[in-house]
Amino acid sequence: DEVVRGYLVEIKHGLNRMANIVKNLFVYVGLTLADFKGEYIAERKLIKHNQELQKISRDPGAVPSTAFDIMFNKYRKYINDFSESQYVSSAYIYMGRVRVLEKEYEEARAVFQEMFERFEGNDKVLSQALSEIGNTYVLQKDQENALKIYNQIIKDYPFSDIGMSAPLLLAEYHYGNKEFIKAKEAFDRAI
């Protein structure tokens, strides 16, 4: 009788432990799905904004300037609403590109510069931000500053995707400007 009672107590404790494990598993799965749902919503919203941006970027000259401001503000709101999303860095890039489409290069650079405070230590994101800044100088035909930026990418973020491709971009630039010695040096750095 005592032996059976002991077994029943052990079975009861085992069932309670199993119930707690199952309960914790459901909590974990629920929280994971809730987080996934939040990222899913963030991703869908960003895709929608990017589709709108794509429409106005087809012919920026034919779009009223208010459309750019509206688009810029949508990205800013997205950054505020989904501040913890993995897609926030992309929203910054697109927000800066809105200003690039308007040829507001200083404002675009200011947006990309914000990323250095927000994403400190994230080489992938920061090298992308620097690349975008470099592109604004290229669009302004300010080759001196563009070259400084691309060299900074090589120096500060050599192992990022952009850092590894920057020497090739420099080589192409120098080659296109018939600066063959500099082009060779850049090709050598790339290898």
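Which helix gives the largest share of the lining of the largest pocket? It is H3, with five residues. The structure is a predicted model, so to speak of its local features takes pLDDT of at least 70, side-chain atom pairs count only at pLDDT 80 or more, and totals for chains, interfaces and linings use all residues. Residues are numbered from 1 along each chain as its sequence is written, and side-chain values rest on heavy atoms, with hydrogens and water left out.

Overall, the chain has eight helices and zero strands, helices being DSSP runs of H or I with at least four residues and strands runs of E with at least two, numbered from the N terminus. Read from that end, the order is simply α-α-α-α-α-α-α-α. Of the 191 residues, 34% are buried, that is, under 20% relative accessible area with a 1.4 Å probe and protein chains only, while exposed means over 50% and partly exposed lies in between.

Back to the pocket. On a 1 Å grid over the protein atoms alone, a pocket is an open set of points where a 1.4 Å probe fits, with protein on both sides within 12 Å along at least five of seven lines; lining residues have an atom within 4 Å of a point. Helices H3 (88-101), H5 (123-139) and H7 (161-176) each give two or more residues to its lining. Among the lining residues are Tyr94, Arg97, Met115, Lys124, Gln128 and Asp161. By type, the lining splits into five nonpolar, four polar and three charged residues; Ala, Val, Leu, Ile, Met, Phe, Trp, Tyr, Cys and Pro count as nonpolar, Asp, Glu, Lys and Arg as charged, and the others, Gly among them, as polar.

Lys103, in the loop between H3 and H4 (105-118), has a positive phi near 65° despite not being glycine. Lys178, in the loop between H7 and H8 (180-190), likewise has a positive phi, near 60°. Lys103 counts as exposed because its relative accessibility is 59%, and Lys178 counts as exposed because its value is 63%.

Asn145 belongs to helix H6 (residues 143-156). With 26% relative accessibility, Asn145 is therefore partly exposed. Asn145 and Gly134 sit 11 residues apart in sequence, and their C-alpha atoms are 7.3 Å apart in space.
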